[in-house]
Amino acid sequence: MKYLLSIVALGLLGTSCNMPDQENTMMSNYMAHNTLSDQEIADGWELLFDGESMDQWRVYNQEGIPAGWVVEDGAMVFDPEQRNDQYGLDIITKETYGDFELKLEWWLSEGGNSGIFYHVIEQEDKALYWSGPEMQILDNENHPDADQGVDGNRKAGSLYDLIPAVPQNAKPFGEWNSVKIVAKGDVIEHYQNGEMVLSFDRSTEEWKNLVAGSKFAPHSEFGTAAEGHIALQDHGDLVKFRNLKIRSL
């Protein structure tokens, strides 16, 4: 009988030890994406995506949302298998933003590439990346861009082709990464998975010299706008976005 009671006691102990993990799993499953808390609303946050529609977005230099950009399982998705013969259909917010704090999460397929742009100016004869700086989205382990550029400045979180993200803390393809971009005056900060990975000041000689020595040099408008659109890139790879929210500073 004592032996039986010991087994029962151990069983109950094991159940009680597992309960916190089970509760945490259940709680995480019920966490709502694409919503704002009461505190976020009080702090001035606004959703850029409600999990159901892309009403706040359109194609760069065009109207509407093209084939390829879809809403699936509460995420805004670019799926190359669903597009027609058009390519390079980057999307932008209908609204423009000056000083802001932007948060979102991204998910990338194996070997994938995409990007988040800000302060984008619409120019009829130019791609959006000639005006808007880019926070790189990349599968660092499987995309050749990771080994190109200088000091890793084409890896995830980096200011594309200019400033590397340090530390480089991107999660592998198939996992969600969180980012934050803060723009206040000439100072821009990139955060990835909870850590600030770079900061730059567009008013400094260091910044001006960096741009002057880059492929962006022929485009005098690059990185100069005090206000512009937020943009997401069609780079031809499967990419997902969720929990897109912004507030003006």
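Is Glu 205 buried or exposed? Glu 205 counts as exposed, at 52% relative accessibility.

## Model and confidence

The structure is a predicted model. Across the protein chain the pLDDT averages 89, and 87% of the residues score at least 70. Residues 1-30 stand apart from that average: pLDDT stays under 50 there, and the model has zero contacts beyond four places in sequence for this stretch. Where pLDDT is low, the predicted coordinates should not be read in detail.

## Overall make-up

The protein chain has 249 residues, of which 45% are buried. Its secondary structure consists of three helices and 13 strands. Among contacts with a separation of 6 or more, 66% join residues 24 or more positions apart.

The chain exposes about 12,900 Å². Carbon and sulfur atoms supply 50% of that area.

Side chains of opposite charge can pair when their charged atoms come close. The whole structure contains eleven salt bridges. One of them joins the side chains of Asp 234 and Arg 83, with an N to O distance of 3.2 Å. The two residues are 151 residues apart and sit in separate loops. Asp 234 lies between strand S12 (229-232) and strand S13 (239-248), while Arg 83 lies between strand S4 (75-78) and strand S5 (91-93). Both Asp 234 and Arg 83 are buried.

Arg 154 has a relative accessible area of 15%, which is under 20%, so Arg 154 counts as buried. Asp 145 has a relative accessible area of 10% and is therefore buried by the same cut-off.

## A salt bridge within a helix

Lys 208 and Glu 205 form a salt bridge through their side chains, with an N to O distance of 3.9 Å. Both residues lie in helix H3, which covers residues 205-212. They are three residues apart, about one turn of the helix.

Why is Glu 205 classed as exposed? Its relative accessibility is 52%, and exposed means over 50%, so Glu 205 falls in that class. Lys 208 has a relative accessible area of 43%; this value lies between 20% and 50%, so Lys 208 is partly exposed.

Technical notes:
Residues numbered from 1 in each chain as written. Predicted model: local features only at pLDDT ≥ 70, side-chain atom pairs only at ≥ 80, totals over all residues. Heavy atoms only, no water. pLDDT = per-residue confidence, 0-100. Contact = heavy atoms within 4.5 Å. Salt bridge = Lys/Arg side-chain N within 4 Å of Asp/Glu carboxyl O. Helix = DSSP H or I, 4+ residues; strand = E, 2+ residues; numbered from the N terminus. Buried < 20%, exposed > 50% of the residue type's maximum accessible area, 1.4 Å probe, protein only. Areas by Shrake-Rupley, 256 points an atom, 1.4 Å probe, with all protein chains shown as cover.
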